Amino acid sequence: MSTFTSIIPSTNLPRTISSFNSSFKSKHSISCSLPGTVAEPKATIASSEPLLLNAVRGLDVERPPVWLMRQAGRYMKSYQTLCEKYPSFRERSENVDLVVEISLQPWNVFKPDGVILFSDILTPLSGMNIPFDIVKGKGPIIFDPIRTAAQVDVVQEFVPEESVPYVGKALSILRKEVDNKAAVLGFVGAPFTLASYVVEGGSSKHFSKIKRLAFSESKVLHSLLQKFTTSMARYIQYQADNGAQAVQIFDSWATELSPTDFEEFSLPYLKQIVDTVKKTHPELPLILYASGSGGLLERLALTGVDVVSLDWTVDMADGRKRLGPNITVQGNVDPGVLFGSKEFITDRINDTVRKAGRGKHILNLGHGIVVGTPEENVAHFFEVAKGIRY
């Protein structure tokens with residue numbers, strides 16, 4: 001049986017943190033065994049690779065690596081101060097120096113095992129001839145929503161070297177700054193999610209416009225999805241070539257589709273992206289996240305990604321069983337837990353890691369950090385997570 005020990009002090013753990021009362025030790029030393037659900041870890045290999053990469057590849061690691069979605073953002077005082085000086089999101093996410101500074105803010109404070117590029121999934125749109133903005137209080141706005149074949153025809157395939165050179169430069173700098181002490185992560189939006197934004201004209205509650213297009217003029221939507229697919233595969237390759245050591249694909253809105261419709265409008269395009277990237281970058285870990293994906297987990301695994309990121313509505317033990325032993329799981333603590341007490345946060349971390357089993361697990365939230373989350377609770381999350389030992 002494999003076990004892990006949290007950073008709560010224990011008599012068999014030489015590394016302790018004095019800020020925790022030793023009376024918690026029996027409560028927080030728990031079993032991490034889920035027989036038959038996790039592939040046997042490969043023998044430990046001396047490696048200078050970041051912990052996150054070793055975990056994804058199934059090597060025998062001492063603890064699960066940890067990073068948090070939206071770990072750079074509005075809950076941090078340092079980010080709030082920077083926003084006062086640079087109020088435009090697009091300026092903050094399209095200026096090399098600002099992108100690097102913001103991406104490194106959580107690294108400098110918490111030292112996560114993954115440092116994700118500060119950007120947005122909509123960043124490529126301008127380079128595809130789709131004008132947009134991200135407005136405070138309103139979110140994304142697509143100035144000319146795409147709903148006809150003629151509009152799709154003028155959408156250009158994305159050439160990141162020309163349209164977003166600041167992304168490549170920022171990733172290159174991040175690799176040097178982080179110096180392999182953590183994995184530098186890039187990310188892209190999935191075709192259906194990007195199409196949802198540009199067809200709806202922004203965020204949506206009911207997704208009626210894209211579903212109308214899907215169910216009445218599917219050829220138009222498929223043509224748009226193919227352009228996004230080709231473009232995002234190229235964008236992932238570009239990020240990897242410039243320093244990204246893993247890339248997360250966000251299919252935030254795919255779970256608005258029924259399983260049948262997911263198989264038509266999302267799954268084949270995700271699979272095409274994975275297949276294309278693996279031909280040129282076979283060792284690049286690809287992570288797939290779709291919020292509310294409990295009804296689609298088995299289908300997410302069919303994309304061929306290396307990691308499936310679970311949201312908090314899926315029990316981690318159930319998710320592990322459903323995905324099988326050979327795929328890495330990421331997640332999946334409820335972001336709302338970070339509003340709880342430190343003891344409560346510790347308990348939920350331990351529960352998640354125990355249910356994930358030993359190895360092939362990246363500890364994360366089930367969604368991004370919520371605005372207003374106490375920064376000291378985020379610090380506690382990382383402190384506990386980094387003190388765990390299998």
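**A hairpin, a parallel sheet and its salt bridges**

Three residues lie between the two strands of the hairpin, and Gly137 has a positive phi near 85 degrees. The model is predicted, so that local features need pLDDT of at least 70 and side-chain atom pairs count only at pLDDT 80 or more, while totals for chains, interfaces and linings use all residues. Residues are numbered from 1 along each chain as its sequence is written, and side-chain values use heavy atoms, with hydrogens and water left out.

The chain holds 17 helices and 11 strands, where helices (H or I, at least four residues) and strands (E, at least two) are DSSP runs numbered from the N terminus. Seven of the strands form an open sheet with parallel pairing, in the order β3-β6-β7-β8-β9-β10-β11; two strands are taken to pair if DSSP finds at least two bridges between them. At the edges of this sheet stand β3 (114-116) and β11 (361-365), each of which pairs on one side only, and from one strand to the next the twist averages 25 degrees. Within the sheet, β9 (residues 307-309) and β10 (residues 328-333) run parallel and are joined by three bridges, with Gln330 of β10 as the bridge partner of Ser309. Helix α8 (residues 165-178) lies across β3 and β6 (183-189), and runs at about 155 degrees to β6; such angles run from 0 to 180 degrees between N-to-C directions, with axes fitted as lines to C-alpha atoms, for helices over the stretch in contact.

Of the 390 residues in the chain, 56% count as buried, that is, under 20% relative accessible area, with exposed meaning over 50% and partly exposed lying in between (1.4 Å probe, protein chains only). Contacts (heavy atoms within 4.5 Å) show how the chain is connected: among those between residues at least 6 apart in sequence, 73% join residues at least 24 apart.

Salt bridges, in which a side-chain nitrogen of Lys or Arg is within 4 Å of a carboxyl oxygen of Asp or Glu, number 13 in this model. In one of them the side chains of Asp60 and Arg358 meet at 2.8 Å, N to O. Asp60 lies in the loop between α2 (51-56) and α3 (77-85) and Arg358 in the loop between α16 and β11, so this pair ties together parts that are 298 residues apart in sequence. Asp60 is partly exposed at 27% relative accessibility, and Arg358 is partly exposed with a relative accessible area of 25%.

Arg63 forms a salt bridge with Asp113, and their closest N and O atoms are 2.8 Å apart. Because Arg63 lies in the loop between α2 and α3 and Asp113 in the loop between α5 (96-110) and β3, the pair ties together parts that are 50 residues apart in sequence. Both partners are buried, Arg63 with a relative accessible area of 7% and Asp113 at 6% relative accessibility.

Asp179 and Lys181 also meet through their side chains in a salt bridge, at 3.2 Å from N to O; here Asp179 counts as partly exposed at 47% relative accessibility, whereas Lys181 counts as exposed at 55%.
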